[in-house]
Amino acid sequence: MRTNPRKTAAVLLAVGLVGAAALHIYWAAGGNWFLSTALNMPLEDVGTTIRFVTWGLVLVLLGASVVVLCRADVIRCPLPDRLVALASWAFTAVMVAGAAYNATIDRVWDRWVFGPIFLVTGLLALAVSLPGRREGRDAP
């Protein structure tokens, strides 16, 4: 049986995004492990606004995981193909921009941990976003 690289990339990406969402749920719900390092601020400065915004990020991460799975035809999606393609490319652009931004920050965690995570995420998203044949028709 032949493996589909696009579907493999989508599943790997979705698993990573759900894992990131789980970590952000922990933080949004009040967890503090690694939060100070990730935000580069003392824990006492982390207020309810940051935690509330983190819930929004959780929704984006989970939504992106659904988009990439739809784009690679791992799951069926009720959204139009063009919308899924656009969302997939937008996510790719944000991840690549995040990698570039983190590479410019003179902090070890940003440059050598978060930047590469964004880069790998962006490359996986690119592999999913590229046009290709989908179930007997040309993908947008």
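**Entry 1**

I began with Phe34, which counts as partly exposed at 22% relative accessibility. I use buried for under 20% relative accessible area, exposed for over 50%, and partly exposed for what lies in between, with a 1.4 Å probe and protein chains only. Phe34 sits in the loop between helix 1 and helix 2. Its phi is positive, about 70°, although Phe34 is not a glycine. I then looked up Asn40, in the loop between helix 2 and helix 3. Asn40, also a residue other than glycine, has a positive phi near 60°.

**Entry 1. Basis of the values**

I note that this is a predicted model, in which local features need pLDDT of at least 70 and side-chain atom pairs count only at pLDDT 80 or more, while totals for chains, interfaces and linings use all residues. Residues are numbered from 1 along each chain as its sequence is written, and side-chain values use heavy atoms, with hydrogens and water left out.

I checked the pLDDT, the predictor's confidence in each residue from 0 to 100. The protein has a mean of 91, and 94% of its residues reach 70 or more. Over residues 135-139 the pLDDT is below 50, yet this stretch has ten contacts in the model beyond near neighbours in sequence. A contact here means heavy atoms within 4.5 Å.

**Entry 2. Overall layout**

I recorded five helices and two strands in the protein, in the order α-α-α-α-α-β-β along the sequence. Helices (H or I, at least four residues) and strands (E, at least two) are DSSP runs numbered from the N terminus. Taken along the principal axes, the C-alpha atoms fill a box of roughly 55 × 30 × 30 Å. Of the 140 residues, 33% count as buried. Among contacts with a separation of 6 or more, 64% join residues 24 or more positions apart.

**Entry 3. The largest nonpolar core**

I looked next at the largest nonpolar core, which has 16 residues; Ala10, Leu13, Leu17, Val68, Phe91 and Val128 touch the most other members. Helix 1 (5-28), helix 3 (48-71), helix 4 (81-104) and helix 5 (108-129) each give two or more residues to this core. Helix 1 supplies the largest share, six residues. By nonpolar core I mean a set of buried Ala, Val, Leu, Ile, Met, Phe, Trp, Tyr and Cys residues joined through side-chain atoms within 4.5 Å. In soluble globular proteins, nonpolar side chains tend to be buried together.

Ser65 lies in helix 3 and is buried, at 6% relative accessibility. With neighbours within four places set aside, Ser65 is in contact with Ala14, Leu17 and Val18.

Ala21, in helix 1, is buried at 1% relative accessibility. Not counting residues up to four places away in sequence, Ala21 touches Val58, Leu61 and Leu62. Ala21 and Val60 are 39 residues apart in sequence, with their C-alpha atoms 8.7 Å apart in space.

**Entry 4. Helix 4**

Helix 4 has 24 residues and reaches 35 Å from first C-alpha to last, close to the expected 34 Å. Its buried residues are Val84, Ala85, Ser88, Phe91, Thr92, Met95, Gly98, Ala99 and Asn102. What covers them includes helix 1, helix 3 and helix 5.

**Entry 5. Helix 5**

Helix 5 has 22 residues and reaches 30 Å from its first C-alpha to its last, close to the 32 Å expected. I located a kink of about 30° at Phe114, shortly before the proline Pro116. The bend at a residue is the angle between axes fitted to the seven residues ending there and the seven starting there. Phe114 is one of the buried residues of helix 5, together with Asp110, Gly115, Thr121, Gly122, Ala125, Val128 and Ser129. The cover over these buried residues includes helix 1, helix 2 (35-39), helix 3 and helix 4.

**Entry 6. Cysteines**

Finally, I searched for disulfides, defined as pairs of cysteine sulfur atoms within 2.5 Å, and the structure holds zero. Cys70 is buried, with a relative accessible area of 3%, whereas Cys77 is partly exposed, with a relative accessible area of 26%.

How values were computed:
The expected span of a helix is 1.5 Å times one less than its number of residues.
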